[in-house]
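Me: I've got a structure open and want to talk it through. Can you take me around it, one piece at a time?

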Amino acid sequence: MVRAEPDRYRVIALGANRSVGALAVQAKELRPERVAIADAGLEDELRAAVPRGTEVWAGPGALEAIARDAEVVVNGVVGFAGLPVTLAALAAGRRLALANKESLIAAGPVVQRVRATPGAEIIPVDSEHCAVHQCLRGGGRGEVRRIVLTASGGPFRGRSAGDLARVTVEDALAHPTWRMGPKITVDSSTLMNKGLEVIEAHELFGPATGIGYDSIDVVVHPQSIVHSMVEFRDGATVAQLSEPDMRLPISYALAYPDRGEAEFGALDWAAARSLDFEPPDRDAFACLDLAYQAGRAGGTAPAWLNAANEVAVQAFLDHRIPWTAIAEVISETLDAHDGTDPTGADVVMEADRVARVRARQAVERRVVTP
Ligand code: MG
């Protein structure tokens, strides 16, 4: 994005968890004032690899520290570790381009509080939520009747529950439209990715629109061209369409409230195409309703859902449990949810830890020996 419009953006800081090599390559090209590495043991290696004069910040708080200075902070940290970056950017009153969904899902109530900081604003980078953000500009906030998230349906769309009992890790990793990491690809195969996105949509857009879980729907759309939709009270549905290309949501989040000048994912209407829509099979893909259940329960239940899902997906990727056991592990874990009120990030971290213990126990009861 910055390469596509070099005169528009200046990179002030870059950070990574452990990827010294990638960070050094980007620092040489983009010349930030400072770089940050979360793993303090890599400080010297990073210092030797970046251009002379670049400040090097290292250690557990380094990513949070660089999240306070820029006009726009892009949080692409993987997993729950992204929460401190989200909180730091919002507390500093920055615009947060959020690609990390766990921080919103697991710690929604905590994030909502710092979001009230003057100047603080979240622009979602997730393609569906970026689409909803765009569609919402088509009407007044009090005029929204429904948010409709589209789902590709993943590699197992159309399969019966019985058929799904025998799918393999390799089957689950063969996603039809998006190329992503193994965790999110498995989430896409179970529809948990969409379930997490329902919670994400509720956290992002619920406060301003007054929309609750009953007004957030999911529709399966295998071509992944319509990225999501908003229905207004007069019956009009506004949708955002483009080819699947994550550079467009990133460009949108960086340039907002303007539009980026570089073009990504524009559609070619000279070619014939059809767009299909169908309701999700909620019996075969039980994870979707588990997410609604956790979202409606609120409090730390979404944190439990997220933690249980991470444990279950890892066990599946390790060939320890079958695909169908992912939903079973999550369901059993949620049944043990203790209803703690998430008053701060520390409470959410503890909820995450407790839920993981429960989920591992549920996994052990389902381990299959090859
Ligand atoms: Mg998405």
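Me: Let's start with helix H6. Which of its residues are buried?
Reply: In H6, residues 108–115, the buried ones are Gly 108, Val 110, Val 111 and Arg 115. Buried means under 20% relative accessible area, exposed means over 50%, and partly exposed is in between (1.4 Å probe, protein chains only). Helices (H or I, at least four residues) and strands (E, at least two) are DSSP runs, numbered from the N terminus.

Me: Why do you say they line one face of the helix?
Reply: Looking down the axis of H6, the buried residues fall within an arc of 160°, so they line one face. That arc is taken from the directions from the helix axis to the C-beta atoms.

Me: And what covers them?
Reply: The cover includes helices H4 (83–91), H5 (102–106), H11 (192–209) and H16 (345–364), plus strand E6 (121–124).

Me: Before I go on, what am I looking at here, and how is it numbered?
Reply: This is a predicted model, with residues numbered from 1 along each chain as its sequence is written; local features need pLDDT of at least 70, and side-chain atom pairs count only at pLDDT 80 or more. Totals for chains, interfaces and linings use all residues, and side-chain values use heavy atoms, with hydrogens and water left out.

Me: OK, strands. Which way do the residues of E5 point?
Reply: In E5 (residues 95–98), Arg 95 and Ala 97 point one way, Leu 96 and Leu 98 the other, and all are buried. In a regular strand the side chains alternate between the two faces of the sheet.

Me: What does E5 pair with?
Reply: Strand E4 (residues 72–75) pairs with E5 in the parallel sense over four bridges, and four bridges also join E5 to E6, again running parallel. Pairing takes at least two DSSP bridges between the strands. Val 72 has Arg 95 as its bridge partner, while Leu 96 stands opposite Ile 122 in E6.

Me: What do E4, H4 and E5 make together?
Reply: A right-handed β-α-β unit. Right-handed means that, with the strands pointing away from the viewer, the path from the first strand over the helix to the second runs clockwise.

Me: How many residues are in the largest nonpolar core?
Reply: There are 85, and those with the most contacts inside it include Trp 323 and Ile 326. Helix H14 (residues 301–317) gives the most to this core, with twelve residues. Such a core is a set of buried Ala, Val, Leu, Ile, Met, Phe, Trp, Tyr and Cys residues joined through side-chain atoms within 4.5 Å.

Me: What does Ile 326 touch?
Reply: Not counting residues up to four places away in sequence, its contacts include Cys 287, Phe 316 and Ile 321. Contact means heavy atoms within 4.5 Å. Cys 287 is buried too, with a relative accessible area of 2%.

Me: Last one: where's the cis peptide bond?
Reply: It joins Tyr 256 and Pro 257, with omega about 10°. Pro 257 lies in the loop between helix H12 (247–255) and helix H13 (287–297).
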